[in-house]
Amino acid sequence: MRAFVATAVVLSLLAVTAPVRAQDAETLRREMEQMRKQFEAMQEQYKKALDSMAERLERIETRQEPAAAAPVPSQPAAAAPPPTLPAAVTTAQPAPGGMPSPMDLIRPRQPFALYERRGPGQLLFDVGITGDFVGNLTQHNVQKNQGGSFPGLENLFFPREVEVSFFGQIDPYARAEVRIEASQDSRDGDLNLTLAEGNLTLMALPYGTQLKMGKMRNRFGYLNEIHAHDWPFTDNPNVLQQFFGTDGLVESGFEATWVPPLPFYLQLLGGVFNGQNDVAFGRNQISNPLATGRVRTFFDFDEWGALQLGASVAAGQTPQQKNSTIIGWDAKYKFTPGGWQHAAFSVIGEYLMSLRDVVVTDSEGNDQTRFRNSQGFYVYAGLQPFNHGELSKWLLGFRYDRTQYPAASGTEWAWQPFLTYNPSEFLRFRLGYKQTTRSQCCSYLDFQDNGGSAKQVSEYFLQATFVMGAHPAHPF
Amino acid sequence: MTMRRFLAIALAATTAWSAPGAQAVSAADKLRIVTSTTDLKSLTEAVTGDLAEVDAMARPNQNPHDLEVRPSLMVKVRRADAMIVNGLELDAWADVVAQGANNANVIPGSPGHIDASRGILVLEVPKTRVDRSMGDVHPVGNPHYTLDPGMAPAVTQNILEGLVRIAPQHRAAFERNRQQFLAKIDDAMGRWNSMLAPYKGSPVVVNHPLWIYLLSRFGLVQVGTVEERPGIPATANHIVKLVNLMKEDRVKAVIAEPWSDFKLVERIAQETGAKAAILAATVGSVKGTDTFIDTVDFNVKTLAQMLK
């Protein structure tokens with residue numbers, strides 16, 4: 001039908017082209033007007049035909065409802081509902097509660113709700129864009145030694161993370177997320193475009209299990225799985241930066257979770273990954289993998305807040321093929337008074353321990369393997385004490401960091417107060433000050449070039465973050 | 001001990017032992033249903049009767065727009081046979097809960113994932129392009145349809161159809177329960193209509209635009225909002241304009257939800273000579289609104305008193 005209309009229009013145009021040359025402008029205008037009307041009439045007919053076909057299709061689909069579907073009971077007159085669309089297609093399913101049989105597990109299921117709430121022209125997945133921009137001011141010698149919280153980007157305002165994310169259901173059994181990220185990693189201003197995450201999760205597996213595969217931010221501790229734009233502070237805590245590097249633990253592989261049917265929340269996780277982390281696990285072989293594990297539980301004190309506790313482990317090999325294990329414990333407490341939209345008070349803390357073999361060169365120039373046990377932690381507290389009005393948009397935060405270096409001797413500690421302003425749910429500004437002290441400098445940190453002048457670091461941070469489009473609800 | 005006495009004791013002991021067990025089996029046979037809001041909990045209980053244990057994820061005093069996704073919610077969902085959601089982007093957080101609960105019964109696309117908004121006539125669907133400069137707008141329309149008692153037939157029908165997918169053996173009981181509930185709504189609707197009939201066409205100002213279904217059902221007209229735009233707090237300039245508008249239109253009622261900044265609402269009402277009140281935005285959010293019918297009762301009575 002569409003081809004016919006198009007052909008008819010083209011033929012009509014060709015047919016009138018020759019005589020038009022001979023006619024004056026007025027005649028030409030009249031004929032063009034007439035043609036326009038004819039074309040609109042044809043369009044109208046075409047639309048009516050389409051509507052009629054759609055209606056017929058809908059009638060046929062309605063007739064194909066299974067016999068088991070409920071007859072719609074008559075509505076009480078006074079409570080008559082607004083008009084409704086055709087009833088949902090229903091299919092009898094096995095009774096709940098019992099264990100699924102092998103046949104249940106392999107039988108394809110209908111995508112009952114996949115197209116719910118999706119009108120014509122709507123995407124079948126969500127798209128969101130986030131922008132996170134950071135500025136920092138520090139001493140010149142710190143910039144020279146790249147000893148700031150953003151190594152190599154001292155005294156710059158730069159895009160830390162501009163991210164496009166796509167997420168949604170693939171089919172009734174799995175969902176996927178893809179995050180593409182642009183960020184500035186060096187002073188020259190060039191942007192680094194990377195696949196920050198790209199993974200799928202099989203959600204319809206039996207016995208309370210799920211399997212996630214692809215590239216992902218590992219669920220190690222509290223903060224690692226959260227993207228930088230969602231952190232409650234500006235910079236990566238020192239202990240995570242020293243133990244996992246600037247980007248954290250981001251790996252390709254598999255992660256399985258199990259939530260046993262208990263009266264309290266318990267999540268058990270096990271993972272196998274390539275090991276592509278330059279700092280802690282750089283073996284980069286799935287045959288000699290980085291193995292991860294995590295257990296997470298939760299205590300809900302109702303009006304008195306909630307506490308989440310977790311313990312994580314990651315074991316693999318360093319780029320030098322030496323054993324490396326990191327163990328972490330994390331806790332988060334949040335107090336949200338009844339009826340509040342945000343937490344009035346929250347505390348987050350993580351404690352990490354690194355157990356690894358490192359190669360050191362002795363005084364005679366021989367390489368020796370030594371075992372190192374390093375530890376570090378951070379504690380954050382946030383206070384947002386007003387529920388309504390302009391003051392409710394302000395949050396006062398404080399973080400204390402202390403960590404040893406995992407592959408060299410030395411310790412650093414830092415304290416950091418900051419102020420966050422949220423004009424809306426989708427926009428945020430943050431101002432902070434950070435003071436870092438290092439006990440000594442160490443060769444692998446490259447701070448010795450200027451006589452150890454990155455031992456005392458003072459930094460001012462400015463952060464601006466926005467969210468456009470869809471953004472998944474934050475986990476606790 | 002005689003044989004007869006021994007048998008009697010054995011029989012009594014067996015009975016005593018088995019009685020609680022029988023109750024436990026009965027409880028285990030019940031469907032486990034989780035709803036996102038207390039409104040849906042009440043409407044679902046009206047359909048299931050005692051055939052199901054129904055639990056709501058949002059507490060009555062919580063704004064269901066933006067719920068904190070606590071793992072304790074995932075415990076509720078972990079063993080659920082069905083999860084009933086409001087839809088229309090009110091409770092998108094429920095999907096995050098379902099993901100964290102590792103329960104294949106309730107993930108989007110599964111038979112136990114029930115969207116109560118299917119096929120209802122949605123109000124305030126934007127007719128033009130919308131963006132966040134307009135505030136926290138709902139691109140698919142206003143999601144607060146459960147505040148309208150006239151929606152109960154359509155919503156309970158959706159719940160019934162969803163539950164029949166997972167428990168077809170209870171279809172007759174569900175239908176019977178639903179009809180009994182709708183008969184009660186039908187009775188009450190006459191009472192509610194007569195209470196608000198004298199005020200048909202009266203202008204009302206709301207704090208947040210979540211009352212449009214309730215107001216429209218009873219012929220009341222929303223003429224303004226305390227929030228400048230949805231989710232965006234009022235500026236001084238907006239309040240001045242709103243006060244002028246209320247005086248011009250002789251607005252008698254300003255209504256707010258329990259989690260709103262009620263001091264501001266009261267101040268505006270005082271300046272204009274109107275009455276301010278908190279209505280029950282969800283079942284249980286105000287004292288004495290433990291069921292769906294109680295909630296509508298409370299809201300209608302409060303509105304009628306304010307408009308006197």
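# Reading the two chains: a tutorial dialogue

The centres of domain 1 of chain B and domain 2 of chain B, taken over C-alpha atoms, are separated by 25 Å.

Me: Where do the bounds of domain 1 and domain 2 of chain B lie?

Reply: Domain bounds come from an automatic or database domain assignment, and here chain B is divided into domain 1 (25-189) and domain 2 (196-307). This is a predicted model, in which local features need pLDDT of at least 70 and side-chain atom pairs count only at pLDDT 80 or more, while totals for chains, interfaces and linings use all residues. Residues are numbered from 1 along each chain as its sequence is written, and chains are lettered from A and ligands numbered from 1 in the order in which they are written.

Me: How many residues of domain 1 and of domain 2 of chain B take part in the contact?

Reply: Two residues are in contact if their C-beta atoms, placed from the backbone, lie within 7 Å. By that rule the contact takes 27 residues from domain 1 of chain B and 22 residues from domain 2 of chain B. On the side of domain 1 of chain B that touches domain 2 of chain B, H2 and H6 of chain B each supply at least two residues, and the largest share, five residues, comes from H2(B). The residues of this side of domain 1 of chain B divide into 13 nonpolar, nine polar and five charged, where Ala, Val, Leu, Ile, Met, Phe, Trp, Tyr, Cys and Pro count as nonpolar, Asp, Glu, Lys and Arg as charged, and the others, Gly among them, as polar.

Me: In what order do the strands S1, S2, S3 and S4 of chain B stand in their open sheet?

Reply: Helices (H or I, at least four residues) and strands (E, at least two) are DSSP runs, numbered from the N terminus, and two strands pair if DSSP finds at least two bridges between them. The open sheet of four strands in chain B has the order S2-S1-S3-S4, with parallel pairing. Strand S2 (52-56) and strand S4 (113-115) of chain B stand at the edges with a single partner strand each, so one side of each is left without a neighbour in the sheet. Neighbouring strands of this sheet are turned by 20 degrees against each other on average, direction ignored. Within the sheet, S1 (residues 31-35) and S3 (residues 82-85) of chain B pair in the parallel sense over three bridges, and Ile33(B) has Ala82(B) in S3(B) as its bridge partner.

Me: Which strands of chain B does helix H2 touch when it packs on the sheet?

Reply: Axes are lines fitted to C-alpha atoms, for helices over the stretch in contact, and angles run from 0 to 180 degrees between N-to-C directions. Helix H2 (residues 38-48) of chain B touches S1, S2 and S3 of chain B, and its direction makes about 170 degrees with that of S2(B). Helix H5 (residues 152-166) of chain B lies across S3 and S4 of chain B, running at about 165 degrees to S3(B).

Me: How do the axes of H2(B) and H6(B) cross?

Reply: Two packed helices are described by the angle between their axes and the distance between the axes. The axes of H2(B) and helix H6 (residues 171-196) of chain B come within 6 Å and cross at roughly 120 degrees. Angles under 35 degrees count as roughly parallel, over 145 as roughly antiparallel, 65 to 115 as roughly perpendicular and the rest as oblique, and H2(B) and H6(B) are therefore oblique to each other. Ala46(B), Val47(B) and Thr48(B) of H2(B) make the contact with Phe174(B), Asn177(B), Arg178(B) and Phe181(B) of H6(B).

Me: Which residues of H3(B) are buried?

Reply: A residue is buried if 20 or more other C-beta atoms lie within 10 Å of its own, exposed if 12 or fewer, and partly exposed in between, with C-beta atoms placed from the backbone. Helix H3 (residues 71-78) of chain B is mostly covered, with six of its eight residues buried: Pro71(B), Leu73(B), Met74(B), Val75(B), Val77(B) and Arg78(B). Their cover includes strand S7 (265-273), strand S8 (290-300) and strand S9 (306-317) of chain A, together with S1, S3 and helix H4 (93-101) of chain B.

Me: Why does Leu211(A) count as partly exposed?

Reply: Leu211(A) counts as partly exposed because it has 14 C-beta neighbours inside 10 Å. Leu211(A) lies in strand S5 (residues 209-217) of chain A, and its C-alpha atom is separated by 4.4 Å from that of Ala256(A), 45 residues apart along the chain.
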